[in-house]
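Please consider the following model with attention to its aromatic rings and to one residue in a loop.

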Amino acid sequence: MESILKATNLKKYYGNGETTVKALDGVNLEIERGKFTAIIGTSGSGKSTLLNMLGGLDSPTEGSIQIGDTELAKLNNEQATLFRRKQIGFIFQNYNLIPVLTVWENIIFPLSLDGKKPDRQFIMQVVNMLGLENKLDTLPNNLSGGQQQRVAIARALASKPSIILADEPTGNLDSKTSYDVINLLKMTGAQFHQTIVMITHNPEIAQMADHIIRIEDGRIVA
């Protein structure tokens with residue numbers, strides 16, 4: 001097994017003394033390259049905190065995270081931002097779309113930050129599979145929640161990152177669309193050798209992954 005993502009003794013504490021909240025409490029984790037891993041847990045179990053740490057969006061109180069040969073703690077803010085943009089695609093539950101940009105502009109936005117030319121053929125393939133082909137000139141506010149989530153997924157896939165981190169990507173979608181979205185992630189993951197780490201509280205969605213990791217009270221239990 002070749003791991004692409006490794007967390008060692010990861011801790012994230014908030015507060016001091018008796019009021020300390022241990023969001024993560026000594027997590028050790030290896031994610032296999034090219035695999036689809038689901039992290040499952042109840043609300044407040046620490047799964048979103050863990051995903052933010054793995055993507056370098058938040059810093060641990062203790063412990064280290066390594067992506068490939070890069071240790072995140074050794075990067076300064078600017079290096080970390082560039083690294084994330086090139087290596088990681090994020091899919092957030094609350095979409096994080098830019099309201100003044102059209103669907104197409106939102107999808108290619110991360111690429112434009114790097115001055116990269118979008119692979120239009122590939123992006124249109126993703127757009128068609130997500131049923132967004134007639135919405136490319138639409139602003140996000142004129143889309144349903146499910147459509148906005150699909151735009152967020154297309155944006156994450158557009159730059160063909162090596163890792164996709166998805167935070168409840170099907171949280172606002174009906175069950176059929178949810179399965180379609182997960183199948184799309186699996187297919188693009190296989191096609192572009194991407195590693196996908198997805199957080200979910202839905203056991204049925206988790207079953208579609210190659211591996212399932214269960215987290216409770218900031219610790220991995222299975």
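Helices (H or I, at least four residues) and strands (E, at least two) are DSSP runs, numbered from the N terminus. The model is a predicted one, in which local features need pLDDT of at least 70 and side-chain atom pairs count only at pLDDT 80 or more, while totals for chains, interfaces and linings use all residues. Residues are numbered from 1 along each chain as its sequence is written, and side-chain values use heavy atoms, with hydrogens and water left out.

Ser-159 lies in the loop between α5 (145-158) and β7 (163-167). With a relative accessibility of 16%, Ser-159 counts as buried (under 20% relative accessible area, with exposed over 50% and partly exposed in between, for a 1.4 Å probe and protein chains only). Apart from neighbours within four places in sequence, Ser-159 is in contact (heavy atoms within 4.5 Å) with Arg-85 and Leu-111. Between the C-alpha atoms of Ser-159 and Glu-71, which are 88 residues apart along the chain, the separation is 22 Å.

The aromatic rings come next. A charge sits over a ring if NZ of Lys or CZ of Arg is within 6 Å of the ring centre and within 35 degrees of the ring normal. The charged end of Lys-160 is placed in this way over the ring of Phe-122, 5.0 Å from its centre. Likewise, the charged end of Arg-120 sits over the ring of Trp-104, at 4.6 Å from the centre.

The structure also holds one aromatic pair. Because the ring centres of Phe-90 and Phe-92 are 5.6 Å apart and their planes are at 10 degrees, this pair is stacked (centres within 6.5 Å for rings of Phe, Tyr and Trp, the last by its six-membered ring; planes under 30 degrees apart are stacked, over 60 edge-to-face and the rest tilted). Phe-90 is buried at 15% relative accessibility, whereas Phe-92 is partly exposed at 21%.
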